[in-house]
Amino acid sequence: RLTRPAPCRLQHRGDQLASAAVVTSPALIGDTWFGTGNRNLAIEDLRGRFVLLDFWTLCCVNCHHVLAELRPIEAKYSDVLTVIGVHSPKFEHEKKPESVAAGIERHDIHHPVLNDPNMSTWAAYGVRAWPTLVLVDPVGKIIATYSGEGHAHALDALLEEQVAAYE
């Protein structure tokens, strides 16, 4: 159902970030990928694109609200942004891949989703709450983290600024 977006090779003007000490975003670790054609995605494979990680769980109403907030941003920046859901379960029954698959279908999620049942990616990115959004720039540097819902406007403004800086 999902296809991998075409690569977008953005570079920062003057290569300022390429020469700076870049904080590399951690690996994406989990047990099952959804919406990738049974292919594991690596954060390194997405260099040249902005990556928005959406840490969520099935039982979180606020996480469901964020999915709706992200849809216009996904559409607006589809040529330069890849959104990846990182399902980080709160309860034991949410760890099962079939539970996650049902949630993806129920909430009409069209971006790739990683099931992170051991909360490995959650811990690596220092996430502390559901929902959390982490924005990674095209060179792999974490440039923003937002916890809770209601951050679509700030995320849109930051992406607009950053995309212009990299074009």
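Helices (H or I, at least four residues) and strands (E, at least two) are DSSP runs, numbered from the N terminus. Read along the sequence, this chain runs α-β-β-α-β-α-β-α-β-β-α. That comes to five helices and six strands.

The model is predicted: local features need pLDDT of at least 70, side-chain atom pairs count only at pLDDT 80 or more, and totals for chains, interfaces and linings use all residues. Residues are numbered from 1 along each chain as its sequence is written, and side-chain values use heavy atoms, with hydrogens and water left out.

**The whole chain**

The chain has 167 residues, and 47% of them count as buried. Buried means under 20% relative accessible area, exposed means over 50%, and partly exposed lies in between (1.4 Å probe, protein chains only). The chain exposes about 8100 Å². Carbon and sulfur atoms supply 53% of that area. Accessible areas come from the Shrake-Rupley method with a 1.4 Å probe; for residues, only the protein chains shown count as cover.

A contact means heavy atoms within 4.5 Å. Take the contacts between residues at least 6 apart in sequence: 77% of them join residues at least 24 apart.

In soluble globular proteins, nonpolar side chains tend to be buried together. A nonpolar core here is a set of buried Ala, Val, Leu, Ile, Met, Phe, Trp, Tyr and Cys residues joined through side-chain atoms within 4.5 Å. The largest one has 19 residues. Leu-52, Leu-81, Leu-135, Leu-155 and Leu-159 have the most contacts inside it. Elements giving two or more residues to this core are β2 (50-56), α2 (61-76), β3 (81-87), β5 (132-136), β6 (142-147) and α5. Helix α5 gives the most, with six residues.

Which residues does Leu-81 contact, leaving aside its neighbours within four places in sequence? They are Arg-49, Phe-50, Val-51, Leu-52, Ile-73, Leu-135 and Leu-159.

**Aromatic pairs**

Rings of Phe, Tyr and Trp (its six-membered ring) pair if their centres lie within 6.5 Å; planes under 30 degrees apart count as stacked, over 60 as edge-to-face and the rest as tilted. The structure holds four such pairs. Two of them are tabulated here.

| Pair | Centres apart | Plane angle | Type |
|---|---|---|---|
| Phe-55 and Trp-122 | 6.5 Å | 80° | edge-to-face |
| Trp-122 and Trp-130 | 4.8 Å | 40° | tilted |

Phe-55 lies in strand β2 and Trp-122 in helix α4 (residues 120-124), so their pair ties together parts that are 67 residues apart in sequence. Phe-55 and Trp-122 are both buried. Trp-122 has 10% relative accessibility. Trp-130, at 25%, counts as partly exposed. Phe-55, Trp-122, Tyr-125 and Trp-130 form one aromatic cluster.

Gln-162 sits in helix α5 (residues 152-166). Is Gln-162 buried or exposed? Its relative accessibility is 15%, so Gln-162 counts as buried. Not counting residues up to four places away in sequence, Gln-162 touches Phe-50 and Ile-143. Its side chain also makes a polar contact with the side chain of Glu-161 (3.2 Å). A polar contact is a pair of N or O atoms within 3.5 Å; within protein, one must be able to donate a hydrogen and the other to accept it, and residues adjacent in sequence count only if both atoms are side-chain atoms.

Glu-160 also lies in helix α5. At 49% relative accessibility, Glu-160 counts as partly exposed. Leaving aside neighbours within four places in sequence, Glu-160 is in contact with Lys-76 and Tyr-77. Glu-160 and Tyr-77 are 83 residues apart along the chain, yet their C-alpha atoms are separated by 8.8 Å.
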